[in-house]
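Let's take a friendly look at a protein chain together. Keep the sequence and the 3D view side by side as you read.

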Amino acid sequence: VVFRAAREGTFARSTGYEINPALHLFACCRRMVTPKYWYNTDFYVRDLWNVKLRDYDVVAVYGLSPIMERLGEKMKEELRPGSIVVSNVFAIPGWRVCDDGGGKGGGKGVFLYRVPECFGGKK
């Protein structure tokens, strides 16, 4: 997702957080082989629970079902109005989807949320 955002020129900067060192290494190697992304991509080995999300406008999530409710609570507390959340495969419990990428809420597809509309009102 980080490389796609960089390739599309959608954002001035794209940042990826990964707790798995092997996946982090893979992303860093890919960044090195594709020098045109050096200037606008960053990758960090970091536990997402320790990352402050309030400085981000868009959050893309590849989370598993067991963490989605807790992650939804964290994002509700930290994201600013106007932020967008994109979740791959798993919906965020209790959040209202703007678009589910054809998954029909069945655990497939891409789920798009807009803050604060996704939780039915202002924070």
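Helices (H or I, at least four residues) and strands (E, at least two) are DSSP runs, numbered from the N terminus. This is a predicted model, in which local features need pLDDT of at least 70 and side-chain atom pairs count only at pLDDT 80 or more, while totals for chains, interfaces and linings use all residues. Residues are numbered from 1 along each chain as its sequence is written, and side-chain values use heavy atoms, leaving out hydrogens and water.

**Overall layout**
- The chain has 3 helices and 5 strands.
- Along the sequence, their pattern reads α-β-α-β-β-α-β-β.

**Confidence**
- The chain's mean pLDDT (the predictor's confidence in each residue, from 0 to 100) is 84, and 89% of its residues reach 70 or more.
- Confidence is highest in helix H3 (residues 65-78), at a mean of 94, and lowest in helix H1 (residues 2-8), at 78.
- Where pLDDT is low, the predicted coordinates should not be read in detail.

**Contacts**
- Among contacts (heavy atoms within 4.5 Å) with a separation of 6 or more, 56% join residues 24 or more positions apart.

**Burial and Val-33**
- Of the chain's 123 residues, 31% count as buried; buried means under 20% relative accessible area, exposed over 50%, and partly exposed in between (1.4 Å probe, protein chains only).
- Val-33 belongs to helix H2 (residues 21-33).
- Val-33 counts as exposed because its relative accessibility is 67%.
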